[in-house]
Amino acid sequence: MDTPMLDRRSFLRATALAGGGMMLAIYFDPAADVLGQEGSRAPAGGAAYKPWAFIKIDPNGAVTIMGKNPEGGQGAKVHLPMIVADELGVDWKTVRIEQAPLDEQSFGIQRTGGSTATPINWEPLRQVGAAARGMLLAAAAQTWSVPASELTAASGRVQHAATSRSLGYGELAARAAAMPVPDLKTVTVKDPKDYTIIGTSARSDAVPAIVRGEPLYGIDTKLPGMLHAVYEKCPVFGGKVATANIDEIKRLPGVRNAFVVEGGPDLVRTYPVCCIGVSHSGGVAIVADSWWQAQQARTKLRVTWNEGPTAADSSAGFATRALELSKQPPAIKLYNDGDAEGALRGAAKTVEAAYYYPFLAHATLEPQNCTAHFHDGKMEIWVGSQTPREGRQVVAQSLGMNESDITVHFVRMGGGFGRRILNDYMADAAWIARQMPGTPVKLLSSREDDLRHDFYRPAGFHYFKGGLDAAGNLVAWQQHYVAFGEGEKFAPNTGIGGASFPAGFVPNFSFNASLMPMGIPTGPLRAPGTNGTTFVYQGFIDELAVASGKDPIAFRLAMLDTPRKLLPNARDAFNAERAKAVLRLAAEKSGWGKRTLPKGTGMGVAFLFAHQGYFAEIAEVSVDAMNRVRVNKVWVAGDIGSQVINPLNAVHQVQGSVIDGMGAIMGQETTIDRGRAVESTFNQHRLVRMNQAPHDIEVHFLKTANAPTGLGEPALPPIIPAVVNAIHAATGTRLRSLPISKAGFSWA
Amino acid sequence: MPFTLNVNGKSVSVDVAAEMPLLWVLRDVLDLRGTKFGCGLGQCGACTVHLNGVAVRSCQTTVSAATRAPIVTLEGLSADGSHPLQRAWEELDVPQCGYCQAGQIMSAAALLRRTPRPTDADIDLAMSGNLCRCATYTRIREAIHRAAGNSTSTTARLTEPATISTAQ
């Protein structure tokens, strides 16, 4: 997919700072859908053009570069400013990073999700840095009355070699601010061989504060007179309060207020195209002097609920219904090519399999929280959100307020993983704060609240038939995907692009779906879609490889070599050569097929194209007689384009993705029973612990002539099938359902 | 009920319910917000502090049980962020989101107190009660080794890609 770039509808402007500095800004033309490819994300609004201020240069030469996106460990707060700094021509150690406030009219899209920070910002941020450098050069040229072509800029100084003169950026800043602002199209960006910062490792700017325990996160918000709230939601999604002992609760120690929260309409059952953000579950809010007192009061709460239609939903019921639907013709045609039915009949060998992955909670370690202060008809909010702008919209809609009356301060997130793309907790906090005018209220979920009231990664059921010819080539692929929704409308994050791999690479291909209704809120979890389907696709492909008698990597390479049919979906930019290259690199680095492994040890492989990046992963695992699994080592080969902007963080994202992904293999599932989420603690939703994590995860990158792309997500999904396929290689047991703990496996 | 606590070398008085967890006394009464709430059940380790030099889960420790021994939180681990673990955490850029790291560092500090030169197995045993949702475990392990002065061979592989090659 092409990434949106700044174009003629945006332009630069320089501003002189009081005291003689300069500030370089990009102005967005609000009428232009600069960011439209992210889905109607144009900066909204009227005539007031505001600066997207990236660079401030003080007269003393101090350089400040704005981090524009919400940060929760992805590292964009550092690596986006690195791009600007390199083109500007300053030393990284002289740069201070400042968190930008929420103001999309000025800053453009401010969102953390979809691994989009790099592809969206790579081009415009280089241009911003280069434009500023050009203006500083022009200012020096004017100062010395020499042609700008005789000047060079580096390390925060402009040099005139011929006369051995130099001036610091701080000294030039005031004059530079008055220089004509170059047209972005004419700005010359650096030759990559001249990069001094891009491609070098930079640490997170937040670590010194983190290791000293300084308040940084939403949960650390503290305001004068602030009270603390808990929100007991109906355990059944979408249910409402019938009766509650509010008066009794109000008399408990420390309790300042208690009231019924009605909750929004049950939008979940309308299967909105994208994420809804408002809590539709009603409940009771308790506001107290301390959070612990509010929690204590909650134990005395007696509520009767109108549970609503979702009380009939259960994981067991979904599984039964999915099996029924799998035996009927699919209701929705997604992608069909050739004659899969006929090719299966004529195949030398067929393989049939049913795959399943469950609903999954996000479990950010910082439970959802938000502080809201309603005063003088206006709402002020402090929150960790991946989508603060959408959050403001959700609050405005939920409360019937104007967005202009809502101020959102976004702060560091204790993890996002997609959970904080939804802003239900923001709307809830605002709703509660409005009942307490003049008093700031911090709403904090308990861990149980957090796991029981999520927007879950949707479960999925996949029924496959595959056909091989006599030579072991894959000739037929039939897939019936049973998911959630109504008619042809998929529930949020259940839709799968019909035209993505392996569509186009199998001559007779049939991928269709059936939907069943449900009332469970679903949403994006790190690597949405592919975090489930990669396990399914790469697992079934592994079965086909084994059935064909071919090596699993050779089988995949042969699939990728199949003359490809043109796909109707132009957005599918899947490049088979890039996929093959990372597969080969992972094979080479891991010694695939060349090492003799002890009994009970096996290697498994998987690859993925997602978020515009290509990843192949190979896991070596040992399984003992008790089905205890140890991941000995993982090799990762990734292609995220021409630059690995911050290698230190790149390794971090990949290694974290691998271990995070392992969690979905073994110990994580959200079970629905009577419309409720069952698992509510970390003993039930089991993250990988240190003693279970592999000690060695080798990360290799292959640079290719493509624009750099994001790294927060694409390295996660392949580890799941890589480990599961390795378990098959080690034991002969094929696992088709997550988590595999249900099949008697555990981490060693 | 009035209680006197010794927190980070200072004597402080609080007037709270006897069963109030130390975590919430630290965060909401004493304004020491470095100690984090993750689960309230002693399952994640985010709230780890030292009580008499031993790592405890402050969400499972009532204020009344914390009056007789010195309490140290991350804010009190060193005066200026110079504890070897804090330095190692910075050098190796250990945190991602960072939310669990207060608990990680406090668990690691208690480990190094009793086992100054821990092995991988010592570290795994001591640290497996501390969850990291971002899964920074490989760097946590390495940073503990570094703070302990242990030499290991894996540092480069943890902080730099093993290779970055250019496609031909």
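Leaving aside its neighbours within four places in sequence, with which residues is I432(A) in contact? The residues in question are A229(A), Y231(A), V261(A), A285(A), V287(A), V441(A) and L443(A), where contact requires C-beta atoms, placed from the backbone, to lie within 7 Å. The structure is a predicted model, in which local features need pLDDT of at least 70 and side-chain atom pairs count only at pLDDT 80 or more, while totals for chains, interfaces and linings use all residues. Residues are numbered from 1 along each chain as its sequence is written, and chains are lettered from A and ligands numbered from 1 in the order in which they are written.

I432(A) also belongs to the largest nonpolar core, which has 287 residues. A nonpolar core is a set of buried Ala, Val, Leu, Ile, Met, Phe, Trp, Tyr and Cys residues joined through C-beta atoms within 7 Å; a residue is buried if 20 or more other C-beta atoms lie within 10 Å of its own, with C-beta atoms placed from the backbone. The members that touch the most others are L136(A), A229(A), I286(A), I381(A), I432(A), V582(A) and V723(A). Helix 3 of chain A gives the most to this core, with 14 residues; helices (H or I, at least four residues) and strands (E, at least two) are DSSP runs, numbered from the N terminus.

An open sheet of chain A comprises three strands in the order 6-7-8, paired in the antiparallel sense; pairing requires that DSSP find at least two bridges between two strands. Strand 6 (151–154) and strand 8 (165–168) of chain A are its edges, each pairing on one side only. On average, neighbouring strands of this sheet are turned by 20° against each other, direction ignored; axes are lines fitted to C-alpha atoms, for helices over the stretch in contact, and angles run from 0 to 180 degrees between N-to-C directions. Four bridges join strand 6 and strand 7 (residues 157–160) of chain A. Helix 3 (residues 117–144) of chain A packs on the sheet and touches strand 6, strand 7 and strand 8 of chain A, its direction making about 135° with that of strand 6. Helix 4 (residues 169–177) of chain A also packs there, touching strand 7 and strand 8, at about 75° to the direction of strand 8.

Chain B is divided into domain 1 (2–76) and domain 2 (84–159), with bounds from an automatic or database domain assignment. Their C-alpha centres lie 22 Å apart. The contact takes 15 residues from domain 1 of chain B and 12 residues from domain 2 of chain B.

Notes:
Two residues are in contact if their C-beta atoms, placed from the backbone, lie within 7 Å. A residue is buried if 20 or more other C-beta atoms lie within 10 Å of its own, exposed if 12 or fewer, and partly exposed in between; C-beta atoms are placed from the backbone.
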